[in-house]
Amino acid sequence: MTEKDPQELIPGALLSGARGKILRFYEKMLDLIVIVLIFVMLITLLAAVVGLMWDVYDTALAFRQEQAIQGLVADVLSVFVLIELFRTFTDYLEFHRIRLRVLSEVAIVFVLRELFIGLYAHRMGPLDLLSTAALLAVLIGARIAAVYFAPRHSGTE
């Protein structure tokens with residue numbers, strides 16, 4: 001990964017002197033903040049996986065308890081949401097922007113998580129299912145549009 005020239009970030013702008021230094025400093029600080037957030041997310045992901053293993057153990061001990069199995073399902077789906085968020089931050093660090101495709105995928109995984117948990121717990125009514133289906137349709141449409149209308153670059157994308 002090569003460092004981007006500030007001239008590419010602001011086309012047509014004359015970046016000389018203090019203005020160029022300030023923009024380069026801003027970019028480096030933003031990268032540092034995202035790296036710290038990625039590190040925090042990695043620790044959170046590791047803690048979630050350890051908690052998931054603990055829940056698997058608890059569920060194995062209380063095999064027939066419906067509530068333990070529901071908690072395990074929710075935890076497994078939560079780990080998938082964390083993985084998608086982690087991917088969003090790493091994509092930002094690589095491309096210096098949040099891509100709509102990746103963000104829509106995170107939202108789809110989160111909505112599916114809530115749908116599966118609600119269905120498994122038998123607490124979703126017909127109106128909830130219809131509204132969730134409509135939301136999923138919009139998010140999937142946004143993802144398709146993001147892929148179809150993606151800007152074409154000669155870079156690494």
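Is tryptophan 54 buried or exposed? Tryptophan 54 is exposed, at a relative accessible area of 54%. (Buried means under 20% relative accessible area, exposed over 50%, partly exposed in between, with a 1.4 Å probe and protein chains only.)

## Basis

This is a predicted model, in which local features need pLDDT of at least 70, side-chain atom pairs count only at pLDDT 80 or more, and totals for chains, interfaces and linings use all residues. Residues are numbered from 1 along each chain as its sequence is written, and side-chain values use heavy atoms, with hydrogens and water left out.

## Aromatic pairs

Rings of Phe, Tyr and Trp (its six-membered ring) pair if their centres lie within 6.5 Å; planes under 30 degrees apart count as stacked, over 60 as edge-to-face and the rest as tilted. The count is two aromatic pairs. Tryptophan 54 and tyrosine 57 form a tilted one, 5.8 Å centre to centre with 40 degrees between the planes. They sit three residues apart in helix α2, so about one helical turn separates them. Tyrosine 57 is partly exposed, at 48% relative accessibility.

The rings of tyrosine 148 and phenylalanine 149 have centres 4.7 Å apart and planes at 85 degrees, so this pair is edge-to-face. Both tyrosine 148 and phenylalanine 149 are exposed.

## Helix α3

Helices are DSSP runs (H or I, at least four residues), numbered from the N terminus. Helix α3 covers residues 66-95, 30 residues in total. Its first and last C-alpha atoms lie 44 Å apart, close to the 44 Å expected (1.5 Å times one less than its number of residues). Its buried residues include Leu72, Leu77, Glu84, Asp91 and Phe95. Among the elements covering the buried residues of α3 are α2 (18-61) and α4 (100-120), where contact means heavy atoms within 4.5 Å. Just after α3, histidine 96 has a positive phi of about 60 degrees.

Axes are lines fitted to C-alpha atoms, for helices over the stretch in contact, with angles from 0 to 180 degrees between N-to-C directions. The axes of α2 and α3 come within 9 Å and cross at roughly 160 degrees. That makes the two roughly antiparallel (over 145 degrees; under 35 is roughly parallel, 65 to 115 roughly perpendicular, the rest oblique). The α2–α3 crossing is left-handed (the near helix is turned anticlockwise from the far one by less than a right angle).

The axes of α4 and α5 (residues 126-148) come within 9 Å and cross at roughly 160 degrees. They are therefore roughly antiparallel, and their crossing is left-handed. The contact includes Leu100, Ile108 and Leu115 of α4 and Leu129, Leu136 and Val147 of α5.
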